[in-house]
Amino acid sequence: MQATFTSFYFLCFYACILLIYYLIPKKTQWFFLLSVSVAYYLLTGNGLLIAYPAASCLAAYAGIRVMAGTEDAGKRRLALFGVAAALLGILAVLKYVNFAVNTVNGIAGMLGADEEVLHGLRLLAPLGVSFYTFSILGYVIDVYNKIAVPQKNFFRLALYGMYFPVILSGPILRYREDGEQFFLPHSFNYRQVTFGLQRMVWGFFKVLVISERMNIVVNTVYDNYASYAGLPIWIATVCFAFQLYTNFSGSMDIVLGMSQTFGLKMPENFQTPFFAENISEYWRKWHISLGVWMKEYVFYPLLRTGTFTKLGKRLRERFGKKRGKQLTTFLGMFVLWLTVGIWHGGDWKFVIGSGLLHWFYIVSGELLQPFFEKFMVKFHIAPKSRWLGGFRILRTFFLVNIGFVFFRAESLSAAVHMLKAAVSFRRIGTLTGSAAFALGLDWIEAVIAAVSLLILLAVSLLQQKGSVRERIEKKKLPVRFAIWYALLFYTILLGYYGPEYSAAEFIYQGF
Amino acid sequence: MSREEVFAALNEVFQDVFDDTSIKVKDETTSEDIDGWDSLEHINLIAAVEQEFGMKFSMGQVVTMKNVGEMADIILSQVKD
């Protein structure tokens with residue numbers, strides 16, 4: 001069976017699950033969801049890989065039980081470190097050993113070595129390993145900090161760790177907020193189920209109609225990047241921004257919508273991030289659950305370590321209170337962004353494009369803030385003017401797109417090559433009318449893509465003013481039906497089911 | 001230390017950290033009410049409060065406290081005189 005939620009077989013599987021879920025005794029609903037989650041994981045690929053999430057849940061359960069049974073700080077800490085070492089150890093072996101090996105080989109190559117110094121591992125990583133590892137580890141840390149209830153039942157913990165809509169691409173859960181609802185009885189609620197299904201249709205629209213079309217343009221340029229310069233690179237990069245956004249946020253709409261049909265509320269992961277006016281705001285709106293995780297379990301604990309506290313004190317003494325505080329925060333943020341980059345994948349292109357480049361943006365923005373303020377006073381620019389807001393949105397989108405070049409390019413050197421070629425003004429005029437369609441889309445496909453993006457933009461603007469589904473709900477029955485069926489048929493008819501249909505996998509599933 | 005004294009001292013810390021002498025914190029004050037109280041400044045605020053009262057928040061308290069009232073309660077539970 002295809003792992004993607006957009007496959008026909010999966011949708012049949014889901015329809016059966018939903019029906020059974022509301023027919024069985026409510027006490028057994030959570031166990032049914034666990035069974036389904038296990039079955040889903042077994043059916044979606046190499047079944048043996050389920051040993052990984054199962055082992056992580058088992059390690060977490062053992063640690064949690066030790067912590068629940070003692071007030072001894074030393075034992076509790078030992079249990080925490082044991083679980084963290086096990087979970088992060090598995091993640092490191094699966095995803096980062098080859099990163100280290102490739103880096104060493106790369107350096108050796110630069111120093112003149114003819115052969116590989118080290119050999120990488122050929123391990124098959126289980127789907128969604130970065131997501132479930134963080135959900136489980138966060139829970140263990142919360143139990144250690146005594147802000148989450150230690151789960152007594154291993155199977156309940158296993159459902160939290162392996163709940164099938166979430167395990168592949170998040171959102172990253174927090175047990176203290178999202179965990180206990182799994183075990184409550186859920187009665188059939190017509191409004192919840194229809195709202196959930198509506199959100200799923202919206203997700204399918206984003207993934208199948210928009211993301212898949214953007215994918216064609218992106219692949220055309222990025223898979224043959226040496227042949228392109230100037231405008232086509234910018235077009236393909238902007239298309240990639242929308243591909244990634246519609247793919248990832250669309251998959252979240254499906255996950256959250258599906259969960260809503262089960263009566264479960266999963267955390268939001270996106271909040272129209274391309275409307276952000278600066279990079280910090282962008283990261284509060286893009287992959288929200290990762291940002292929250294990093295803040296709570298990396299950034300705050302790091303800044304509260306003895307070393308950082310002492311360093312902060314020294315920096316304040318040396319550079320004054322304000323600048324010293326700022327420098328300490330910048331150092332902490334460096335570690336934070338390095339971790340965010342590494343989380344995205346064992347490759348320098350991720351470490352830079354999704355990590356350190358954003359750290360550089362934020363730090364530069366903070367340091368240049370006084371100059372911007374003086375500039376605005378000098379040229380009489382009102383800080384809250386709409387034009388300035390619009391300019392900031394475009395500027396932030398541009399900066400984010402530079403990061404996306406690294407994210408999508410096949411390697412760090414390819415990204416650098418493409419960025420250089422993108423500003424090669426000598427060749428910028430190569431894209432004329434017909435050449436634009438040579439990027440893989442004929443004019444009908446390009447029109448469908450443009451109309452679909454306009455629908456996305458209109459809905460995103462409406463979302464700024466509250467729930468669109470609630471607004472549609474208040475309309476008269478024929479209008480409601482017309483809207484939802486139009487979207488459904490638009491998606492069914494124009495969803496991209498070409499030869500690359502299986503490519504409708506979620507991009508973030510690989511993480 | 002009375003609750004009023006804790007709030008008076010907290011007010012000074014908040015004014016100092018956020019560089020705004022017009023700040024007056026109440027029980028129900030949250031990060032929504034104060035300009036600049038974002039996740040980065042939160043940790044600086046916590047450090048400044050700890051220094052002022054000579055106490056330490058646990059990591060759990062740092063991430064779960066909902067408003068200034070809860071912050072004051074934690075301070076009162078740790079500071080005896």
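Chain A has an accessible surface of about 24700 Å², and 67% of that belongs to carbon and sulfur atoms. For chain B the accessible surface is about 4300 Å², with 45% from carbon and sulfur. Those areas come from the Shrake-Rupley method with a 1.4 Å probe, and for residues only the protein chains shown count as cover.

Quick housekeeping. This is a predicted model, where local features need pLDDT of at least 70 and side-chain atom pairs count only at pLDDT 80 or more, while totals for chains, interfaces and linings use all residues. Residues are numbered from 1 along each chain as its sequence is written, chains are lettered from A and ligands numbered from 1 in the order in which they are written, and side-chain values use heavy atoms, leaving out hydrogens and water.

Okay, chain A. What is it built from, helices or strands? It has 21 helices and 0 strands; here helices (H or I, at least four residues) and strands (E, at least two) are DSSP runs, numbered from the N terminus. Its radius of gyration is 24 Å, close to the 24 Å that the globule rule gives for 511 residues, so chain A is as compact as a globular protein of that length. That radius is taken over C-alpha atoms, and the rule is 2.2 Å times the number of residues to the power 0.38.

Buried residues make up 49% of the 511 in chain A. Buried means under 20% relative accessible area, exposed means over 50%, and partly exposed is in between (1.4 Å probe, protein chains only). If you take contacts in chain A between residues at least 6 apart in sequence, 77% join residues at least 24 apart, where contact means heavy atoms within 4.5 Å.

Now chain B. You get 4 helices and 0 strands there. A compact globule with 81 residues would have a radius of gyration near 12 Å, and chain B agrees, with 11 Å. Of its 81 residues, 47% count as buried.

On to the core. The largest nonpolar core has 175 residues, and those with the most contacts inside it include A:F262, A:F404, B:L10 and B:I75. A nonpolar core is a set of buried Ala, Val, Leu, Ile, Met, Phe, Trp, Tyr and Cys residues joined through side-chain atoms within 4.5 Å. Helix α9 of chain A, residues 190-222, gives the largest share of this core, 16 residues. As for B:I75, if you skip neighbours within four places in sequence, its contacts include B:V6, B:L10 and B:F57.

Most residues other than glycine have a negative phi, and most peptide bonds are trans. But a cis peptide bond joins A:G170 and A:P171, with omega about 5 degrees, and A:P171 is in the loop between α7 and α8 of chain A.

Then there are two positive phi values to look at. A:T272 is not a glycine, yet its phi is about 35 degrees, and A:T272 is in the loop between α10 and α11 of chain A. A:H380 has a positive phi near 50 degrees, in the loop between α15 and α16. Which way do they go, buried or exposed? A:T272 counts as buried, at 9% relative accessibility, whereas A:H380 counts as exposed, at 74%.

Not counting residues up to four places away in sequence, A:K285 touches A:T272, among others including A:N269 and A:P273.
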